[in-house]
Amino acid sequence: MALHIHEVCILLLVIPGLVTPAAISHEDYPADEGDQTSSNDNLIFDDYRGKGCVDDSGFVYKLGERFFPGHSNCPCVCALDGPVCDQPECPKIHPKCTKVEHNGCCPECKEVKNFCEYHGKIYKILEEFKPSPCEWCRCEPSNEVHCVVADCAVPECVNPVYEPEQCCPVCKNGPNCFAGTTIIPAGIEVKVDECNICHCHNGDWWKPAQCSKRECQGKLTV
């Protein structure tokens with residue numbers, strides 16, 4: 001009986017020597033939960049207020065340093081209260097711009113349509129056209145249509161006519177004027193009836209003809 005007790009004591013002394021430090025895993029002894037939370041908080045919630053500024057990529061800038069917070073932002077200066085950024089007056093985007101990029105401080109037009117649209121029709125840049133007999137138009141490089149309207153002279157007759165594809169009216173029978181209800185040519189005296197001879201005023205076709213009475217040819221009676 002004494003022999004068995006002696007053997008058990010020897011085994012108890014040998015077993016602790018067989019357990020090496022490498023055999024003990026850190027997973028068997030987890031760190032204190034409070035220590036883990038504190039370590040993660042320091043990595044995620046760094047506070048640079050009053051010390052510097054952070055851009056979109058996480059880069060830290062010193063106070064007074066100029067930087068761009070992001071690829072499409074205006075330049076900023078790092079201040080105690082945070083970034084102080086420029087607010088420039090950006091140029092207006094062309095109303096016919098078809099492609100706008102926002103890769104800088106100000107939006108930029110990268111593509112403008114290379115044609116003009118006028119009354120539902122499409123025209124090429126610098127193309128000239130006549131939408132009506134009295135209009136002359138051109139498609140400008142700015143994609144806008146500029147037109148000039150003909151200024152017609154006043155016709156020198158009381159019965160002007162409009163010919164096809166012509167802008168201004170023309171006097172097909174030359175200058176004339178009214179003698180009562182009769183149209184007489186200008187430049188000559190015209191006997192409008194048995195007693196009156198009329199002629200148009202020089203250059204004043206809109207005025208009624210000037211007439212003078214002559215001896216009327218009376219009819220003979222028996």
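Trainee: Which cysteine does a disulfide join to Cys90?

Mentor: Good place to start! A disulfide here is a pair of cysteine sulfur atoms within 2.5 Å, and this one has an S to S distance of 2.0 Å. This is a predicted model, where local features need pLDDT of at least 70, side-chain atom pairs count only at pLDDT 80 or more, and totals for chains, interfaces and linings use all residues. Residues are numbered from 1 along each chain as its sequence is written, and side-chain values use heavy atoms, with hydrogens and water left out. The partner joined to Cys90 is Cys106.

Trainee: What is the handedness of the disulfide of Cys90 and Cys106?

Mentor: Look at the torsion about the S-S bond, which is about -75°. The disulfide is therefore left-handed.

Trainee: Is Cys177 buried or exposed?

Mentor: Buried means under 20% relative accessible area, exposed over 50%, and partly exposed in between (1.4 Å probe, protein chains only). The relative accessible area of Cys177 is 0%, so Cys177 is buried.

Trainee: Which residue forms a disulfide with Cys177?

Mentor: The sulfur atoms of this pair are 2.0 Å apart. Cys177 is joined to Cys200.

Trainee: Over how many bridges do strand 11 and strand 12 pair?

Mentor: Strands (E, at least two residues) are DSSP runs, numbered from the N terminus, and two strands pair if DSSP finds at least two bridges between them. Strand 11 covers residues 135-139 and pairs with strand 12 in the antiparallel sense. Within this pairing, Cys139 stands opposite Val145. The number of bridges is 5.

Methods: Helix = DSSP H or I, 4+ residues; strand = E, 2+ residues; numbered from the N terminus.
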